[in-house]
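Hello,

Here is the structure I promised to hand over. My notes on it follow below.

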Amino acid sequence: MTNIVVTNSGASAATILIQLNGLSIIPNTSLPGNGIFTLDITQVMDAGDTVKVQGSTTTCAYFISGVEVTA
């Protein structure tokens, strides 16, 4: 995983939470109305690993990018 982008298309502020394997790396962070949050990250993920992105409103959306490497 190389990047996570979270947007809030609503007029009111929202709160976002990002977790990797149940560990909060971005805990309950405010995202202003019509705002964007970007996280540049270099994280190797194994099969079964999880990413959780949660917004406090339905106006939040996210995109995760990365590169798949096979041995």
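Asn34 is exposed, at 61% relative accessible area (exposed is over 50%, buried under 20%, partly exposed in between, with a 1.4 Å probe and protein chains only). Its phi is near 55 degrees, a positive value in a residue other than glycine. Asn34 is found in the loop between E3 and strand E4 (36-40). Strands are DSSP E runs of at least two residues, numbered from the N terminus.

A word on the source: this is a predicted model, where local features need pLDDT of at least 70, side-chain atom pairs count only at pLDDT 80 or more, and totals for chains, interfaces and linings use all residues. Residues are numbered from 1 along each chain as its sequence is written, and side-chain values use heavy atoms, without hydrogens and water.

Asn28 also has a positive phi, about 40 degrees, and is not a glycine. Asn28 sits in strand E3 (residues 23-31). Asn28 counts as exposed, at 59% relative accessibility. Most residues other than glycine have a negative phi.

Next, the surface. Val51, Tyr62 and Ile64 make a nonpolar patch of about 250 Å². Patch residues have over 30% relative accessible area and no salt bridge, with nonpolar side chains joined within 5 Å (a salt bridge is a Lys or Arg side-chain nitrogen within 4 Å of an Asp or Glu carboxyl oxygen). Areas are Shrake-Rupley values with a 1.4 Å probe. Tyr62 belongs to strand E6 (residues 60-65).

Best wishes

Conventions: Patch = residues over 30% accessible without salt bridge, like charges linked within 9 Å, V, L, I, M, F, W, Y side chains within 5 Å. Helix = DSSP H or I, 4+ residues; strand = E, 2+ residues; numbered from the N terminus.
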